[in-house]
Amino acid sequence: MKVGFIGCGNMGRAMLAGMLDAGVVSESNVFVSAKTQSTKEQIAKDYMVGIASNNTEVVKNADIIFLAVKPQFYEEVLREIRDAVTEQKILVSIAPGKTFAWLEEKIAKPCKFVRTMPNTPSLVKEGMMGICGNTRVTATELRSICELCNGFSKTEIVSENLMDVVTAVSGSSPAYVFMFIEAMADAAVEGGMPRQQAYTFAAQAVMGSAKMVLETGKHPGELKDMVCSPGGTTIQAVRVLEEQGMRAAVMDAMKVCIDKSRNM
């Protein structure tokens with residue numbers, strides 16, 4: 001299997017590094033194009049992969065091509081590579097809001113497309129990614145994409161109509177979590193804790209809590225109740241969060257995110 005990357009910014013590098021570290025693809029079977037010569041030279045140095053002179057060359061040399069560019073550049077890139085795309089190639093989008101209908105219209109020829117929505121925790125190999133394929137992509141091919149991506153992210157196959165929800169619940173959600181960590185740290189600093197120590201306490205609490213949800217299989221509400229002793233400190237804090245509308249604020253924020261993704 002030969003893998004290509006058109007574009008290799010932070011997300012592209014995280015994906016590439018994860019695949020190589022996991023051994024699901026070898027350096028000799030990866031081809032990358034980037035906008036600047038300095039970026040190409042750095043990628044060659046860091047990952048020892050093949051560097052293509054242009055995007056079309058990536059398509060010609062790879063079986064699976066990750067379109068790791070910003071959403072606003074997709075139309076230009078698809079127009080550029082159109083003639084090199086064959087019915088056997090698989091193009092993998094990482095852009096929010098770009099539907100199969102839109103992608104197929106822009107490529108203007110029969111094509112296998114896979115949509116994914118990675119997130120920034122992929123940089124530390126703790127990503128979460130939703131994946132779906134158009135009607136030309138087989139179940140075996142979709143599993144192959146999942147196997148490639150499992151080096152840096154957990155993967156779940158979803159239907160296309162849920163991809164905008166994936167954007168809100170995992171693609172964009174690290175920003176909400178970072179804000180929560182920052183707010184907890186600010187309160188700890190107000191209470192007298194040094195700031196760096198406050199970040200460590202807050203971040204580890206979030207990571208440990210998330211791990212409990214994933215590993216115990218218990219409902220988050222049940223886990224919350226386990227922390228809330230009768231008449232204790234935690235239930236007082238929970239009461240304030242409920243009074244301030246924490247749940248409603250999160251749900252409203254995610255709804256706006258979903259709507260924006262659907263209308264991009």
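How exposed is Asp259, in terms of relative accessible area? Asp259 comes out as partly exposed, at 29%, where buried means under 20% relative accessible area, exposed means over 50% and partly exposed is what falls in between (1.4 Å probe, protein chains only). The model here is a predicted one, so local features need pLDDT of at least 70 and side-chain atom pairs count only at pLDDT 80 or more, while totals for chains, interfaces and linings use all residues. Residues are numbered from 1 along each chain as its sequence is written, and side-chain values use heavy atoms, with hydrogens and water left out.

On the overall layout, the protein has twelve helices and eight strands; these are DSSP runs numbered from the N terminus, with helices being H or I of at least four residues and strands E of at least two. The C-alpha trace spans about 70 × 40 × 30 Å along its principal axes. Of the 264 residues, 41% are buried.

Now for the charges. The whole structure gives 14 salt bridges, each one a side-chain nitrogen of Lys or Arg within 4 Å of a carboxyl oxygen of Asp or Glu. Asp259 pairs up with Lys255 at 3.0 Å, N to O. These two sit four residues apart in helix α12, so about one helical turn separates them. Lys255 counts as exposed, at 51%. Glu215 is exposed, at 61% relative accessibility.

Asp164 and Arg262 also form a salt bridge, 3.9 Å from N to O. This pair links distant parts of the chain, with Asp164 in helix α7 (residues 163–171) and Arg262 in helix α12 (residues 246–262), 98 residues apart. Asp164 is buried at 11%, whereas Arg262 is partly exposed at 49%. Elsewhere, Glu75, Arg79 and Lys106 are joined in a salt-bridge network.

Turning to the rings, the search gives one aromatic pair. Phe5 and Phe66 are stacked, 5.1 Å centre to centre with 15 degrees between the planes; rings of Phe, Tyr and Trp (its six-membered ring) pair if their centres lie within 6.5 Å, and planes under 30 degrees apart count as stacked, over 60 as edge-to-face and the rest as tilted. Phe5 is in strand β1 (residues 3–6) and Phe66 in strand β4 (residues 64–67), so the pair ties together parts 61 residues apart in sequence. Phe5 is buried at 0%, and Phe66 is buried with 0% as well. There is also a charge over a ring: the charged end of Lys98 sits 4.3 Å from the centre of the Trp102 ring, the rule being NZ of Lys or CZ of Arg within 6 Å of the ring centre and within 35 degrees of the ring normal.

As for cysteines, the structure has zero disulfides, taken as pairs of cysteine sulfur atoms within 2.5 Å. For Cys132, the nearest cysteine sulfur is that of Cys146, 10 Å away. The Cys149 sulfur is 7.1 Å from its closest counterpart, in Cys146, which is too far for a bond.

Met48, in the loop between α2 (37–47) and β3 (50–51), has a positive phi near 55 degrees without being a glycine. Ala108 has a positive phi of about 60 degrees and lies in the loop between α5 (100–107) and β6 (112–117).
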